[in-house]
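Let's walk through this structure together, one meeting place at a time. Keep the picture open while you read.

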Amino acid sequence: MTIVRKIAPYVIAIIASFAAAGIFIALTGANIFQAYETILFTSFRTPNGFVQTLLKFIPLTLQALAFTIPLTAGKFNMGGEGQMIVGAIAASAVGIVGADLPAFILLPLVILAGVAAGALWGLIPAYLLYKFNINEILTSMLLNFVSFQIIDLVATGPWRDPVAGHPTTVQIGQGGFLPMLIKNPPLNAGLILALLVAAAVYLYTSRTTGGYELVATGANPRAAAVFGINVKRMFVFSIVLAGGIAGLSGVIEVAGVQHRLIVGLQHNFLVLGVIIALIARGNNLAVPFVAFFIAILEIGASAMQRTMNVPIEMVFIVEALVLLFVLLSDVVRRR
Amino acid sequence: MESLITFLRLTLLSMVPFVLAAQGTMLGGRAGVFNVAQEGIMLVGASLGFIGSYLAGGSTLVGILAAMLVGGIFGLALAYFTTSLKMNQFVIGLSLLFIGTGLSTLIPKLVIGVTLSQPLIPTLKDLPIPLLSNIPFLGRVLFSHNILVYFSILLSIGLWYFLFRTQLGLELRSVGENPNAADSLGINTSKHRYVTAVLGGMLIGLAGAYLPMVYTGTFTEGMVKGRGWLTIALTFFAGWSPLPVLYGSLFFAGIEVASYRFQAGGIAIPYQYLLMVPYLATILVMMFTFRKTRVPGFLGNNYDREKRSL
């Protein structure tokens with residue numbers, strides 16, 4: 001009974017937002033049911049569709065975790081996109097400079113560099129919060145805009161691939177590629193990394209002392225401080241950890257998917273990550289499942305745009321509405 | 001001299017979106033409603049301002065009204081979810097931000113379709129003030145602008161007068177400072193929150209519409225470029241007061257214009273560095289001012305008269 005009660009608001013939220021989006025889809029003159037079918041089932045029709053969904057699932061899960069971890073401590077990390085970009089830049093820098101190194105040296109270096117860069121990028125708002133008490137939402141968000149310029153600078157700099165029309169660097173060394181789980185359609189080992197991180201985050205926050213301190217800090221910072229938890233340090237730690245995880249999503253995009261640095265690789269991952277994290281209500285166990293659902297919608301949305309000419313933003317609205325309806329269900333339950 | 005005049009003129013011109021959006025944010029914040037959806041509301045305002053004007057055959061007025069209408073609807077939604085349903089302001093703000101961002105690109109695609117080059121709308125004309133615009137130097141810097149430049153200055157002064165010199169303004173401030181006390185004096189706290197959130201949303205929507213109507217003549221995806229977020233920072237270090245918001249907007253606009261002027265000036269720095277400046281400067285300024293600024297006491301909280309006071 002409890003599980004039904006837990007899932008019911010989600011089901012209602014999804015149905016309601018699809019109904020709302022149906023109005024817009026009808027306005028474009030497309031067949032509503034065909035559109036729904038495309039959105040929901042493209043991921044499962046072909047092996048390629050399924051692999052594409054998994055490839056979306058990886059960065060979405062990591063981005064959502066980069067939001068839920070600080071949220072556990074009561075802080076909002078809006079810098080996942082910047083942390084991802086900086087991680088991707090560091091990973092490709094190491095991958096290009098060390099192109100001749102063998103895989104067992106280069107690959108760990110690439111991953112480490114990306115994670116460290118993301119963590120450092122997260123350290124900036126965390127430090128400003130710690131030292132000057134500056135609202136972390138604003139600083140982490142503003143740093144995203146700085147990172148957009150840095151990636152442009154790197155991709156049009158000396159490493160630029162002169163053949164590519166779009167700002168892009170040359171390929172990183174073969175040794176820096178993540179191994180493939182499936183050759184065709186290509187699925188890289190980033191999937192395993194993402195699942196491991198998701199499991200580790202869940203175990204950390206629910207089964208360890210450090211994780212408990214994080215939860216306690218978020219639940220009531222004053223009480224946590226009274227019990228001897230260094231609350232400000234928890235804030236810093238949570239945002240830095242989030243930065244590292246977001247950095248990892250950048251690494252996987254470079255070392256696993258593109259094998260080079262491409263301007264715009266962050267797509268819409270920050271916004272979707274936040275939506276996933278909030279739909280999951282900050283619950284780290286639920287994040288991968290919600291992320292998978294959103295990945296299905298995203299893949300379906302691009303298919304719908306290609307085959308039916310329905311703009312891809314339609315699904316974005318659906319996702320935002322699902323979030324709003326899920327939030328509303330809390331209100332309904334309160335009464 | 002000539003380049004100084006141009007610089008000052010452009011600064012005043014670019015100040016407008018910051019002033020409008022920040023005054024809108026300030027107004028809602030004074031009643032305790034903290035809007036974080038600026039970026040989304042500005043985008044949807046820009047989008048509908050453009051579409052409205054385009055559909056009405058280039059009428060600026062229709063565009064402005066459309067942008068303010070949609071901004072007001074977003075403000076109303078924010079007020080309803082936070083004030084009546086008592087939901088978390090930041091989370092609701094983010095949801096509205098996402099919906100606004102999505103709608104801003106969806107609507108032009110639905111109305112105009114996907115075209116190689118977007119149609120253009122006529123941009124706002126300059127309205128030189130008779131006599132005053134003939135004063136050397138000042139005339140060109142201050143008195144020959146489009147109507148929204150004058151409006152944003154008058155609005156700032158008007159809001160200052162309203163907040164600090166009228167009874168209603170005092171009541172509004174008390175709602176944002178201590179709604180419990182305000183309520184016990186018979187002030188309708190919900191009404192204040194609704195009205196300011198809606199008016200604030202309208203101003204933010206108008207701020208968005210300024211971009212296609214003055215700068216580009218068309219809507220492009222993500223054209224607000226973080227100005228909405230900068231606005232929040234601006235409102236914070238202007239201490240949620242109308243006149244400092246106006247000065248702060250001049251500062252932001254000055255940085256924006258300077259970074260573009262350097263770029264056009266052919267100085268040998270990669271332009272990406274210049275484009276980082278507004279965001280980095282904002283973070284720097286926050287480091288120096290964040291501690292000293294005053295924030296409305298109840299900002300970001302929801303008042304529930306049935307609950308014990310905090």
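Between domain 1 and domain 2 of chain A there are 6 residue pairs in polar contact, with both residues at pLDDT 80 or more. A polar contact is a pair of N or O atoms within 3.5 Å; within protein, one must be able to donate a hydrogen and the other to accept it, and residues adjacent in sequence count only if both atoms are side-chain atoms. On the domain 1 side, helix H1 (2-27) and H13 of chain A each supply at least two of the residues that touch domain 2, and H13(A) gives the most, with 11 residues. Sort the residues on that side by class and you get 14 nonpolar, 1 polar and 3 charged. Here Ala, Val, Leu, Ile, Met, Phe, Trp, Tyr, Cys and Pro count as nonpolar, Asp, Glu, Lys and Arg as charged, and the others, Gly among them, as polar.

A quick word on the ground rules. This is a predicted model, where local features need pLDDT of at least 70, side-chain atom pairs count only at pLDDT 80 or more, and totals for chains, interfaces and linings use all residues. Residues are numbered from 1 along each chain as its sequence is written, chains are lettered from A and ligands numbered from 1 in the order in which they are written, and side-chain values use heavy atoms, with hydrogens and water left out.

So where do the two domains run? Domain 1 of chain A covers 1-30 + 310-335 and domain 2 covers 47-308, with bounds that come from an automatic or database domain assignment. Their C-alpha centres lie 26 Å apart. The two domains of chain A bury about 1,600 Å² between them, 70% of it on carbon and sulfur atoms; buried area is the accessible area (1.4 Å probe) that two parts lose on being put together, summed over both.

Now step across to chain B. Here 43 residues of chain A are in contact (heavy atoms within 4.5 Å) with 41 residues of chain B. Chains A and B bury about 3,800 Å² between them, 83% of it on carbon and sulfur atoms. Which residue of chain A forms a salt bridge with B:Lys109? That's A:Glu313, with the closest N and O atoms 3.2 Å apart. A salt bridge is a side-chain nitrogen of Lys or Arg within 4 Å of a carboxyl oxygen of Asp or Glu. By class, the side of chain A that touches chain B has 31 nonpolar, 7 polar and 5 charged residues.

Notes. Helix = DSSP H or I, 4+ residues; strand = E, 2+ residues; numbered from the N terminus.
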